[in-house]
Amino acid sequence: PVRSMASAEIPKRFEPATSEDKWYQHWMQKGYFRSVPDEREPYTVVIPPPNVTGVLHMGHMLNNTIQDVLVRRARMLGKNACWVPGTDHASIATEAKVVRLLGEQGIKKSAIGREEFLKHAFAWKEKYGGVILEQLKKLGASCDWDRTRFTMEPDLSDAVIDVFINLHKKGLVYRGQRMVNWDPVALTAVSDEEVIHKEVNSKLYHIKYKVEGLTANPSPGERGEEWVTIATTRPETILGDT
């Protein structure tokens, strides 16, 4: 006999709250996302680690969904798929947040030293960094959560140092003479991605510099006094001019 399915079994509309958590927990309990090396063809993706300082945005939503599709397809094709999750330290942004937090407690970063500051930074990461991973789970990301990494773990940190030393020996890492974005609070250079640009109406200052070695009253045949005029919107840099 043909059985008619009761309408109560399948809701008319999809309700994420009643199904997503249930099935994700089922997948986790069954260990469907775990990967142990075997004879199958490996298929590995290392997640571009999101920063521990914030929350996921639409960009993360897009690229993690694409990774999830690729990893799940690889599993269905019989490959040993492993999606390695993790978070990035985002050191400049994290430092700013930790410095602000310590400042509220009357503690100065310069007074406690590097090692003590790192302890506070890791404590901050443990408290707030887990939010990112939970958001990835809410997306349904099929990561092997047993392999979760953090870019400031000792092993990964050592690996970064080794790579930098190797690149430096090859002449691929060097100090260049170029304009940078300087953070006067963190006392470090920051990338363009860390800077919020805005246009403002400013003033153009003209400064006359006297050319060294030339006199106001030259002898016959000598060059007279000369000046070079420089225009700038940042007069605060004048003290560094030579």
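Start your tour by selecting E225, which has a relative accessibility of 33% and counts as partly exposed. Here, buried means under 20% relative accessible area, exposed over 50%, and partly exposed in between, using a 1.4 Å probe and protein chains only.

Before you go on, note that this is a predicted model: local features need pLDDT of at least 70, side-chain atom pairs count only at pLDDT 80 or more, and totals for chains, interfaces and linings use all residues. Residues are numbered from 1 along each chain as its sequence is written, and side-chain values use heavy atoms, leaving out hydrogens and water.

**Stop 1: salt bridges**

Like E225, K210 is partly exposed, with a relative accessible area of 46%. A salt bridge here is a side-chain nitrogen of Lys or Arg within 4 Å of a carboxyl oxygen of Asp or Glu. Helices (H or I, at least four residues) and strands (E, at least two) are DSSP runs, numbered from the N terminus.

How many salt bridges does this rule give? The count comes to 13. Two others to click on:

- D38 and R40, whose closest N and O atoms are 3.0 Å apart. D38 is partly exposed at 35%, and R40 is partly exposed at 37%.
- E236 and R234, whose side chains meet at 3.1 Å, N to O. E236 is exposed at 54%, while R234 is partly exposed at 44%.

**Stop 2: I238**

Now pick I238, in the segment after β8 (227–232). Its relative accessible area is 28%, so I238 is partly exposed. Which residues does I238 touch, leaving aside its neighbours within four places in sequence? They are I207 and Y209, where contact means heavy atoms within 4.5 Å. I238 and I207 are 31 residues apart in sequence, with their C-alpha atoms 8.6 Å apart in space.

**Stop 3: helix α2**

Next, colour H60, N64, Q67, D68, V71 and A74, the buried residues of α2. They cover an arc of only 125° around the axis, which puts them on the same side of α2. The arc is that of the directions from the helix axis to the C-beta atoms. As background, an α-helix has 3.6 residues a turn, so residues three or four places apart point the same way.

Back on the buried side, the cover includes β1 (42–46), β2 (80–84) and α5 (130–138).

Zoom in on Q67, which is buried at 9% relative accessible area. Beyond its neighbours within four places in sequence, Q67 contacts V45, V46, I47, P48 and W83.

Then hop to M58, also in α2 but exposed at 66%. Together with M61 and L139, M58 makes a nonpolar surface patch of about 300 Å². After α2 comes G78, with a positive phi near 90°.

**Stop 4: helix α5 and T87**

Show α5 and pick out I132, L133 and L136, which are buried. Seen down the axis of α5, its buried residues fall within an arc of 95°, so they line one face of the helix. What covers them includes α2 and β3. G140 follows α5 and has a positive phi, near 90°.

From there, select T87 in strand β3 (residues 86–87). Is T87 buried or exposed? At 4% relative accessibility, T87 counts as buried. Leaving aside neighbours within four places in sequence, its contacts include I132 and L133, along with P49, P50, R149 and F150.

**Last stop: L187**

Finish at L187, in the loop between β5 (181–183) and β6 (188–190). Most residues other than glycine have a negative phi. L187 is not a glycine, yet it has a positive phi of about 55°. At 58% relative accessibility, L187 counts as exposed.

Notes: Patch = residues over 30% accessible without salt bridge, like charges linked within 9 Å, V, L, I, M, F, W, Y side chains within 5 Å. Areas by Shrake-Rupley, 256 points an atom, 1.4 Å probe, with all protein chains shown as cover.
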